[in-house]
Structure formats: C-alpha cells, structure tokens
Amino acid sequence: MAVVAVDYRLAPEHKFPAAFDDAWAALCHVAARATEFGIDPRRVALCGDSAGGNLAAAIALQARDTGGPLLSAQILFYPVTDMEMRHDSYRRNADGFLLTTASVAWFRDHYLRHSQDRADWRASPLRAASLAFLPPTMIVTAGCDPLCDEGDEFAARLAAAGVPVVHRPMPGFIHGFIGMGRAVRGAHQVLREAASVLRGFWADTQAGT
C-alpha cells in the first residue's frame, strides 16, 4: 500500500492552525489524485501518533463536515485530543514516564496562538460537538502516558456516537512506545494488530457494510 507522510509546518514558527491546514491540504491533494498515485480512493485512511494523531482526528472531522474526502479508517496512537489538559492522567502520570505533563504544556503553549484555541475542535477533537459519522477507528492508548485518559474518552465518545471502534489500551506502556520496537517488547505486535484491524476495516468497506 502507499504511505504518504505529511511534512506539515511546525510550531513555534508556524502556530495553530498551520499544521492542521497542511494536513488537510495533503489529504485533499492525495484523495483528488488517488488514481495517479495508484491508490484505491475507497481505501484512503488516516494514521498518526501523538501530535500526528491529533491532526488525523481533526482532519477526519473536517472531512465529515465538508462532505469529503471519503475516509475508510483512522488509526490513532496515543493521540492528543484535548488541549485543556484536564484529565486525571496528567496528574497520575505527571513525571517519571519519559513524557511529562510539564513537557506537554510546553509543547501546547508553543503550538497554540492563545488560550482560546484550546476549545477549538481543530486543536481539541474531543471538544467537537459530535463525533458521529466518523470513519471506523482504532485507538491505542498507553497506561503510563499523560495523554492516556483523553484518548480513552475519545474512544468512548466515538463508540457512543455509533462509530465502529477498536480500542487497545496498553497498561504499563509509555507515550511513544510504538516507535521503540527495539527496546519495548510488544510494540511490533501492536503495529501488526493495527495492520490487521485496518485490513478488516477495508474488507468491511469493500463489502459495503
């Protein structure tokens, strides 16, 4: 399958919503030229981890609200979904697990223009009024991650809205583990599981379910 990695603009030089705008432009470009890239337009999926998971979730909402591009799935690894940082895991996992709550706040404050941006669903997908009619979703959360609870809540809200969801909580795992396969036992297995889930979502799409 074809994989498109988006080189979106970064903060603090380029504040929100620059990264969102770039991710959205990339999705629209790829979807419009899918056949040129040898991509099945019925199988365009989004995938991202951490900040990339935030962007994937946000542009999935944008695609829903603007009538396309059609998305077959989204795979989100420990995504940022709420810039307010109000969940208990920010206190429970504040220090000692590589990513700290203080670091998340530092990243957030360099990304957003002002505190009002925290409530914008393009920055905080969990703040969207509705999560209905989004593509089938797999969410992986890490138990020793400040972002854990907001990912769990995002999965729960998607399921409550009728979206097919595979939620894979990973107790004892830290933020970023998916890229640590040489050091973190289980990382490769989660990637294999994500690939299997994606194939299942695509099979359902082909069957028209």
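**View 1. Arginine 92 is partly exposed, with 42% relative accessible area.** This is a predicted model, so local features need pLDDT of at least 70 and side-chain atom pairs count only at pLDDT 80 or more, whereas totals for chains, interfaces and linings use all residues. Residues are numbered from 1 along each chain as its sequence is written, and side-chain values use heavy atoms, with hydrogens and water left out. On the accessibility scale, buried is under 20% relative accessible area, exposed is over 50%, and partly exposed is in between (1.4 Å probe, protein chains only). The side chain of arginine 92 meets that of aspartate 149 in a salt bridge, 2.9 Å from N to O. Arginine 92 belongs to helix 3 and aspartate 149 to helix 5, so the pair ties together parts that are 57 residues apart in sequence. Aspartate 149 counts as buried, at 18% relative accessibility. For the record, a salt bridge here is a side-chain nitrogen of Lys or Arg within 4 Å of a carboxyl oxygen of Asp or Glu, and helices (H or I, at least four residues) and strands (E, at least two) are DSSP runs, numbered from the N terminus.

**View 2. Salt bridges elsewhere: the structure holds 14 of them.** Arginine 108 and aspartate 109 pair through their side chains at 3.1 Å, N to O. Arginine 108 counts as buried at 9% relative accessibility, while aspartate 109 is partly exposed with a relative accessible area of 43%. Another pair is aspartate 117 with arginine 113, whose closest N and O atoms are 2.8 Å apart. Aspartate 117 is buried at 3% relative accessibility, and arginine 113 is partly exposed at 44%.

**View 3. Helix 4 (residues 101-111) has Thr101, Val104, Arg108 and Tyr111 as its buried residues.** Look down the axis of helix 4 and these buried residues fall within an arc of 90°, so they line one face of the helix; the arc is taken from the directions from the helix axis to the C-beta atoms. An α-helix has 3.6 residues a turn, so residues three or four places apart point the same way. Ala102 and Trp106 are exposed, on the face of helix 4 turned away from its buried side. The cover over the buried residues includes helix 1 (18-32), helix 2 (51-66) and helix 3 (89-92). Contact, here and below, means heavy atoms within 4.5 Å.

**View 4. Four strands make an open sheet, in the order 1-2-3-4 with parallel pairing.** Strand 1 (45-49) and strand 4 (165-174) are the edge strands, each pairing on one side only. From one strand to the next, the twist averages 10°. Two strands count as paired if DSSP finds at least two bridges between them; strand 1 and strand 2 (residues 73-77) have five, in the parallel sense. Across that pairing, glutamine 74 in strand 2 is the bridge partner of leucine 46, and leucine 76 in strand 2 stands opposite glycine 48. Leu46 and Gly48 make up the covered face of strand 1, with Ala45, Cys47 and Asp49 on the uncovered one. In a regular strand the side chains alternate between the two faces of the sheet.

**View 5. Helix 5 (residues 148-160) lies across strand 2, strand 3 (137-144) and strand 4.** Helix 5 runs at about 150° to strand 3. Axes are lines fitted to C-alpha atoms, for helices over the stretch in contact, and angles run from 0 to 180 degrees between N-to-C directions.

**View 6. Leucine 147 sits in the loop between strand 3 and helix 5.** Leucine 147 counts as buried, at 2% relative accessibility. Leaving aside neighbours within four places in sequence, leucine 147 is in contact with Ser50, Tyr78, Pro79, Val80, Ser89, Tyr90, Val104 and His175. One of these, valine 80, is 67 residues from leucine 147 in sequence and 6.5 Å from leucine 147 in space, C-alpha to C-alpha.

**View 7. Threonine 81 is in the loop between strand 2 and helix 3.** At 0% relative accessibility, threonine 81 is another residue that counts as buried. Neighbours within four places in sequence aside, threonine 81 is in contact with Ser124, Pro125, Leu126, Arg127, Glu150, Gly151 and Phe154.
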